Amino acid sequence: MTNKKRSLLDGLVSGNTVLSGFMVISPIIVCGNTVMNALALIYAFSSITFISVMSGSFIPKKLPYGLKIMIYAIIASIVYIPVRAAAEEFFPDIIPRIGIYFMLIAVNSLITVQTEAKFYRMTKGKMTLSLILHILGFDAVMLIIAAVREILAYGTFCERLVDADIIISGFGEPFGGFILLGLFCGIYRGICNVLSHDVDVSGGDADVSNI
């Protein structure tokens with residue numbers, strides 16, 4: 001895979017927000033135990049992050065770094081208001097279960113850290129694509145882990161009973177989410193190491209960003 005293609009997939013694969021950067025993991029660990037919870041968090045994360053980062057890209061770059069971070073947080077807080085209002089219509093029974101973690105999405109690290117360190121150093125087109133892939137990277141991990149946890153912990157999928165032979169209720173608790181996330185991170189890093197080794201053996205560039 002060329003550096004250009006690898007860069008385009010950064011955030012979705014090689015630099016996955018959760019599995020590689022260990023960012024925005026608390027909602028996954030605490031609340032990502034059912035698919036419906038995951039969908040509500042995906043909606044919040046995707047909409048707040050995309051609108052906030054795109055809006056913040058118009059802030060003058062000459063402003064002091066600390067001031068810009070404050071402005072980004074304010075923008076995200078403003079965006080949070082209509083997103084939360086819409087969520088209460090689409091997920092009326094889910095939002096109380098998520099609690100404060102829905103609010104914490106508004107100050108996630110993609111908004112407060114990666115904006116200056118990564119996104120705003122790109123052209124608008126590349127920034128938009130990279131941002132979307134980073135968001136999709138989080139969404140995919142959230143949905144997969146939530147689905148696995150719901151099946152293992154409750155024997156349901158989207159709150160409907162499935163034919164599960166083994167129920168391990170601990171996976172529905174935060175410590176179960178932490179264990180499962182750690183397992184996924186280990187598998188992810190193992191796959192990345194194998195792919196990196198294969199590229200190196202074939203004579204290509206073995207650099208895998210953000211790993």
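Modeller: Let's settle one term before we start: a residue is buried under 20% relative accessible area, exposed over 50% and partly exposed in between, using a 1.4 Å probe and protein chains only. This is a predicted model, so local features need pLDDT of at least 70 and side-chain atom pairs count only at pLDDT 80 or more, while totals for chains, interfaces and linings use all residues. Residues are numbered from 1 along each chain as its sequence is written, and side-chain values use heavy atoms, with hydrogens and water left out.

Colleague: Good. Is Glu116 buried or exposed?

Modeller: Its relative accessibility comes out at 15%. The cut-off for that class is under 20%, so Glu116 counts as buried.

Colleague: Which side chain does Glu116 meet in a salt bridge?

Modeller: A salt bridge here means a side-chain nitrogen of Lys or Arg within 4 Å of a carboxyl oxygen of Asp or Glu. For Glu116 the N to O distance is 3.1 Å. The partner sits in helix H4 and Glu116 in helix H8, so the pair ties together parts 48 residues apart in sequence. At 6% relative accessibility the partner is buried too, and it is Lys68.

Colleague: How many salt bridges are there in the whole structure?

Modeller: One of them links Arg84 and Glu88, with the closest N and O atoms 3.1 Å apart; these two are 4 residues apart in helix H4, so about one helical turn separates them. Another joins Glu159 to Arg97 at 3.4 Å, and since Glu159 lies in the loop between strands E1 (156-157) and E2 (160-161) and Arg97 in helix H5, that pair ties together parts 62 residues apart in sequence. A search of the whole structure gives a total of 3.

Colleague: Where does H4 bend?

Modeller: Helices are DSSP runs of H or I with at least four residues, strands are E runs of at least two, and both are numbered from the N terminus. H4 covers residues 65-90 and reaches 37 Å from first C-alpha to last, close to the 38 Å expected (1.5 Å times one less than its number of residues). The bend, meaning the angle between axes fitted to the seven residues ending at a position and the seven starting there, is about 25 degrees. Pro82 follows within four residues of the bend, which is at Tyr80.

Colleague: Last one: what does Gln114 touch, not counting residues up to four places away in sequence?

Modeller: Gln114 has its place in helix H8. Its relative accessible area is 16%, so it is buried. The residues it touches are Met23, Ser109 and Phe119.

Terms used: Contact = heavy atoms within 4.5 Å.
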